[in-house]
Amino acid sequence: MDALTVHRLHFAFTVTFHYLFPQLTMGLALLILILKTMAMRTGNEHYNRAARFWAKIFAVNFAMGVVTGIPLEFQFGTNWARFSKAAGGVIGQTLAMEGVFSFFLESSFLGAFLFGEKRLGPKAHWVSAFLVFAGSWLSGFFIVATDAWMQHPTGYRIGGHGEILLSSLWGLLLNPWLFWQYLHNMIGSVVTASFVMASVGAFYLLTRKHEESGRTFVRLGVIAGTVSTVLMAFPTGDGQVHNIVSNQPPTLAAMEGLFHTAQGAGLVIVGQPDIDNRRLDNPLTVPNALSFLTYQRWKAEVKGLDAFPPDRWPDNIPLLYYSYHIMVGLGTIFIAVMALASLNLWRGALYRSRPVLWLIMLMLPFPYIATTAGWITAEVGRQPWLVYGIMRTLEGSSPHISAGNALFTLIGFMGIYTILAILFLFLVYREIEQGPERPEGPLSPAI
Amino acid sequence: METVWFCLVAVMIAMYVVLDGFDLGAGAVHLFVARTDAERRAVLRSIGPVWDGNEVWLLAGGGTLYFAFPALYASSFSGFYLPLMMVLWLLILRGIAIEFRDHVQSLVWQPLWDGVFSLASALLAIFFGAALGNVVRGVPLDRAGTFFLPLWTDFTMGKDAGILDWYTVLIAIAALATLAVHGALWIALKTEGELELRARRIAARAWWGLAASVILITLVSFQIQPQLKASFQARPWGCVFPILALAGLVGARLMNSRLQELGAFLCSCLFILGMLTSVAFGLFPYVLPSNSDPALSLTVSNAAAPLYGLKVGLMWFIPGMLLAIGYFVYTYRSFSGKVNLDDEAPY
């Protein structure tokens, strides 16, 4: 393996593992805020108990997110030094803003939120929950802004020595790409949190334990999940596709497996991209649908990969194609599952319908898979560019880090993250097992 | 403008060392100072609400360094590749130890995480010290402003010095002593009874090691990095920084023996701030000196981002940091006073 491949895998592995945690905490922060609001409005202690239970799950996930997040900022310098030197003046802005504006806010009020319910009283405690939510969504904003700049650079100019200079901070923060990408990502985290909450609720109802809480979790999870899964497809998913249509046309062609430019291009439901022969094997297509979804005209021309020189093609078309189709396929299934659950909820039959509860419970891993596939689509789709159109990925890695050194640390991270994953699952399972109705014990995590 | 950001980054890093320093130091002395499970819980509770926020200074300081001095960030982070990765692993293990220790009641679980927490904290103090030593000594920068250092070679200071040589090891030991005293004074401030007495005693004993190592590293550093002497000769007003450090060092000793806990801890903060600002002042305008050819050194001017970014950065940095300081004052005030284990249990 050459060093560049290892550097890419290094970042891909650490960032993918990291994002398993924030995608839950950002969405969960919103749902906890809803629970706290319901407790305030109804005066029902039951909702406070539910909020406290999810705060425990939140705390474990948050800690995992913090410790796996620090390596990401470091890796820009350690593994991607040439990129950092060239573009640090731009993306360093958003990364530093994340630290200054959101991490300080989040870390300060998470302490108040977790430790201070009695001391603060209900109103101030609600405010602390709100500030944790605001901090985490703000943090998401700055990170997605950083990625949006790499996908579609704005607010910059190229200096005399080829370095990338910031020319407008507002251009960076109000990147047109950012709007849909941010919303798509954040609503994705609400999808994950909704499914997790509904899934834990379904588990309680199926095992006939903590049933009162189970009903609340299923209800809130299904309602939030129905809204968010639909918003995921339209308008945010649609908006994100239009970002790609206008700014990364080779990526669109590769995602859709469209090798040849076509008028009235069909939408591929399944099929295997065959790079050697530049065609899609065994396709199942909906005629003209891709043209319509892209340009709202059934016979519109959609550019295929053949319209672009191969050195502008994403370098792993099958991975891109399959990730995209997995994301879209799962997203469609999510809408169907949530619609079925909502229908049962509306008819008052959900809590007794064991097959539907089983279905909800077993959905638990799939939003994580869909989100990961979505991010692989975004990042593999950006290739062969590190900063789209101005810096290629092979120009960005650190010059003196050998493949062996990078592989050593990659394996080190894999080992540590395996241990973290085992500990995480063990602790979260214990919390779920003990349930929300456990009397508050004297023992507590320190965070 | 570069100089303004040099000062701001230096202050961010110094604040990180002062703040995360006390919880790292508390970790380093954790096993010695706290014997029973209740005592150990008290130590962890004293840093519980704040350690995560303290660590944010590292991220925010790193981010600030990144956008203000991208060339320095790129060069130093890739050059110190292996030790930085180990720092990351230690930060991960330490955070997990603090967070997960009290989730399970067992005679094995707690001592295991106490050990991880303490060892990782002590090693982090050592790594950070060695990093500082490398910056003062200089690194073999090439024409592109990059380098790569092995972990160690033969521990001498010659051309092929590794990250660890006798000088950087010396600084690492001094850093461990500094943070051990700092952390013990924090524990004395935040706890009561036997634990408080023990913390105070450990601070008093470690102080002698600290004082000896500070004298030693000060003498040696002026020999090794000629820029230090040149800076203080050119701008004698800079002597205020080492004087503050000395005042902090002596004050910590006196206040600790007079049982003025808050004063002793604040003196220790002053000492750390004084030492780090002295180093920053002494190295200026270098941000990463070269140990082979001074002309290849990274300086505030050749490592800084262009003017527009630095100017516009100031527009959001100042209000942002004022807000952050506000949160810190709020958090520290709401968790002020001695730790009481019977107090409200967090969840």
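This report describes the interface, the nonpolar cores and a nonpolar surface patch of a predicted model.

**Interface between chain A and chain B**

The size of an interface is often given as the accessible area lost when the parts come together. Between chain B and chain A, about 7200 Å² is buried, and carbon and sulfur atoms give 73% of that area. On the chain B side, 70 residues are in contact with 83 residues of chain A. The number of salt bridges counted between chain B and chain A is 0.

**Nonpolar cores**

| Core | Residues | Members, among them |
|---|---|---|
| Largest nonpolar core | 253 residues | Trp54(A), Phe83(A) and Phe69(B) |

Within the largest core, Trp54(A), Phe83(A) and Phe69(B) are the residues that touch the most other members. When residues up to four places away in sequence are not counted, Phe69(B) touches Glu2(B), Trp5(B), Phe6(B) and Val9(B), together with Thr64(B), Val300(B), Ala303(B), Ala304(B) and Ala305(B).

**Nonpolar surface patch**

On the surface, a nonpolar patch is formed by Met1(A), Leu9(A), Leu407(A), Ile411(A) and Met414(A), which together have about 470 Å² of accessible area. Helix α14 of chain A, residues 403-434, supplies the largest share of this patch, with 3 residues. Leu407(A) is found in helix α14 of chain A. Its relative accessible area is 30%, so Leu407(A) is classed as partly exposed, given that buried means under 20% and exposed means over 50%.

How values were computed:
Residues numbered from 1 in each chain as written. Chains lettered and ligands numbered in written order. Predicted model: local features only at pLDDT ≥ 70, side-chain atom pairs only at ≥ 80, totals over all residues. Heavy atoms only, no water. Patch = residues over 30% accessible without salt bridge, like charges linked within 9 Å, V, L, I, M, F, W, Y side chains within 5 Å. Areas by Shrake-Rupley, 256 points an atom, 1.4 Å probe, with all protein chains shown as cover. Salt bridge = Lys/Arg side-chain N within 4 Å of Asp/Glu carboxyl O. Helix = DSSP H or I, 4+ residues; strand = E, 2+ residues; numbered from the N terminus. Buried < 20%, exposed > 50% of the residue type's maximum accessible area, 1.4 Å probe, protein only. Core = buried A, V, L, I, M, F, W, Y, C linked by side-chain atoms within 4.5 Å. Contact = heavy atoms within 4.5 Å. Buried area = accessible area lost by both parts, 1.4 Å probe.
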